[in-house]
Amino acid sequence: MSKTTRLAVIAAAAALAATPALAHPGHLAGAGFLDGIGHPLGGLDHLIAMVTVGVYGATIGGRAVLAVPGAFMAAMLAGGLFALTGGELPLVEPAIYASTVVLALLCVMPMSRNGIVGALFAAFFGLFHGFAHGAEMPADAAALGYAAGFLTSTAGLHAAGAALGLTLHRLIGRPEEDSQSA
């Protein structure tokens, strides 16, 4: 099995394991810093999407290791603020679900090795993830504490994904290396 095929199988398995945004509805009781820390850890869609963002940044390499997760987090914060101000965004749940599949596929597609393109994809999906959380936040929530916890936990998951991606690429190579050696 080629390196690209192995990476594609791993990415597809992770993406297909996600369920449509099950972590979003209604478990923000109190919604302070600790709730924000725990929220991304409580749903498979979050874990897959956040870790995959880090893997994708590592797959591109260079500055993208930080830029791709940074773009995701900035857009996630913007999406949350937009929702808190009463904004509307269509197709939020389908976009969140699609993020798990698309980001995983981008990790194994050699044409997706551009840091700017990577940051744009990450920002696009980050906007939807953030919007979902801003829209569901209870009115009495400690929004700043929750957002700080959520961003902290998200950054940790991105870092874990980047470490995983760098390790995988060191062990089995990058997809474009496989196509050049075939």
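Val53 touches Val68, Pro69, Phe72, Leu103 and His158, leaving aside residues up to four places away in sequence; contact here means heavy atoms within 4.5 Å. The model is a predicted one, in which local features need pLDDT of at least 70, side-chain atom pairs count only at pLDDT 80 or more, and totals for chains, interfaces and linings use all residues. Residues are numbered from 1 along each chain as its sequence is written, and side-chain values use heavy atoms, with hydrogens and water left out.

**Nonpolar cores**
- Val53 is also among the residues with the most contacts inside the largest nonpolar core, together with Tyr56, Ile60, Val68, Phe72, Met76 and Leu103; this core has 20 residues.
- At least two residues of this core come from each of helix H3 (44-60), helix H4 (64-84), helix H5 (92-108), H6 and helix H7 (143-172).
- A second, separate core consists of seven residues, including Ala83, Ala95, Phe131 and Ala132.
- A nonpolar core is a set of buried Ala, Val, Leu, Ile, Met, Phe, Trp, Tyr and Cys residues joined through side-chain atoms within 4.5 Å.
- In soluble globular proteins, nonpolar side chains tend to be buried together.

**Packing of H4 against H7**
- The axes of H4 and H7 come within 10 Å and cross at roughly 155°; axes are lines fitted to C-alpha atoms, for helices over the stretch in contact, and angles run from 0 to 180 degrees between N-to-C directions.
- H4 and H7 are therefore roughly antiparallel to each other, a term for angles over 145 degrees.
- On the H4 side, the contact is made by Val65, Pro69, Phe72, Met73, Met76 and Leu77, and on the H7 side by Phe150, Leu151, Thr154, Ala155, His158 and Ala162.
- These contact residues divide into ten nonpolar, two polar and no charged, where Ala, Val, Leu, Ile, Met, Phe, Trp, Tyr, Cys and Pro count as nonpolar, Asp, Glu, Lys and Arg as charged, and the others, Gly among them, as polar.

**Ile116**
- Ile116 lies in helix H6 (residues 115-136).
- Ile116 is exposed, with a relative accessible area of 63%; exposed means over 50%, buried under 20% and partly exposed in between (1.4 Å probe, protein chains only).
- The C-alpha atoms of Ile116 and Ala67 are separated by 8.5 Å, although the two residues are 49 residues apart along the chain.

**Whole protein**
- The secondary structure comes to eight helices and zero strands; helices (H or I, at least four residues) and strands (E, at least two) are DSSP runs, numbered from the N terminus.
- Of the 182 residues, 46% count as buried.
- Among contacts with a separation of 6 or more, 83% involve residues 24 or more positions apart.

Methods
Parallel < 35°, antiparallel > 145°, perpendicular 65-115°, else oblique.
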